[in-house]
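Open the model in your viewer and keep the selection tool at hand. The stops below tell you what to select and what is there.

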Amino acid sequence: AQSVTQLGSHVSVSEGALVLLRCNYSSSVPPYLFWYVQYPNKGLQLLLKYTSAATLVKGINGFEAEFKKSETSFHLTKPSAHMSDAAEYFCAVSVGGNNNDMRFGAGTRLTVKP
Amino acid sequence: DGGITQSPKYLFRKEGQNVTLSCEQNLNHDAMYWYRQDPGQGLRLIYYSQIVNDFQKGDIAEGYSVSREKKESFPLTVTSAQKNPTAFYLCASNEGRGNTIYFGEGSWLTVV
């Protein structure tokens, strides 16, 4: 079965610094990969998704992620952190677009320091 | 505006009681989902429904029940058989296979 591992439950960066949130996946077939953002006491919002097209995926709010099959990774980056980026981020994987089998990582809480 | 509405936002349950969380969507989506979120564990799928009058168990269905009598509604009942029900519950929907899942704003359930 597919799974994802998010490395680091907490990440802290300074405002204006690079944001890098790590996600590694495990899947026996080509995966669909997702990054979601969750603000306190809110639902999840899709940032971006990879569905076997371009390996560099651009999302909302200046985030992007690169699918690297050789490294089984799908790390999320943003060149310059903003205070409003402080939230929890979840990586998720599904197989063949079957959302019933979607598996979420444990989440990474991003703190942005002024 | 189109979206998913969950209610109540906060709910307190006494030991031995059943409670029902409401989820309504006006996105005309066929598929609906219930997830449970615990700190440090991400989201886990409780139940899902791909069409009216049909639903399937997810990974942690024990102690929960659902119904899908209308396309727009997918209520979740947390029964007294659920041993540790205190959690944040998220309802979601999408058009079907391969499409983006949209989430409601969640409901907090606390056992007192």
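**Stop 1: the disulfides**

Across all chains, a search of the whole structure finds 2 disulfides (pairs of cysteine sulfur atoms within 2.5 Å). A disulfide is a covalent bond between the sulfur atoms of two cysteines. This is a predicted model, in which local features need pLDDT of at least 70 and side-chain atom pairs count only at pLDDT 80 or more, while totals for chains, interfaces and linings use all residues. Residues are numbered from 1 along each chain as its sequence is written, chains are lettered from A and ligands numbered from 1 in the order in which they are written, and side-chain values use heavy atoms, with hydrogens and water left out.

Select Cys23(A) and Cys91(A), which are joined by a disulfide with an S to S distance of 2.0 Å. The two cysteines link distant parts of the chain: Cys23(A) lies in strand S3 and Cys91(A) in strand S9 of chain A, 68 residues apart. Strands here are DSSP runs (E, at least two residues), numbered from the N terminus. The angle about the S-S bond of Cys23(A) and Cys91(A) is -65°, and the link is left-handed. Cys23(A) is buried at a relative accessible area of 0%; buried means under 20% relative accessible area, with a 1.4 Å probe and protein chains only.

Now select Cys23(B) and Cys91(B), whose sulfur atoms are 1.8 Å apart in a disulfide. The torsion about their S-S bond is about -75°, so this disulfide is left-handed.

**Stop 2: strand S3 of chain A**

Select S3(A). Its covered face holds Val19(A), Leu21(A), Cys23(A) and Tyr25(A), and its uncovered face Leu20(A), Arg22(A), Asn24(A) and Ser26(A). Why do the names alternate? In a regular strand the side chains alternate between the two faces of the sheet.

Val4(A) has Tyr25(A) as its bridge partner. S8(A) also runs antiparallel to S3(A), with 4 bridges, and there Leu76(A) stands opposite Leu21(A).

**Stop 3: the cores**

Select Trp35(A), Leu48(A), Phe74(A), Leu76(A) and Tyr89(A), the residues with the most contacts inside the largest nonpolar core, which has 26 residues. Such a core is a set of buried Ala, Val, Leu, Ile, Met, Phe, Trp, Tyr and Cys residues joined through side-chain atoms within 4.5 Å. A second, separate core of 20 residues includes Met32(B), Ile46(B), Val66(B) and Cys91(B).

Conventions
Buried < 20%, exposed > 50% of the residue type's maximum accessible area, 1.4 Å probe, protein only. Pairing = 2+ DSSP bridges.
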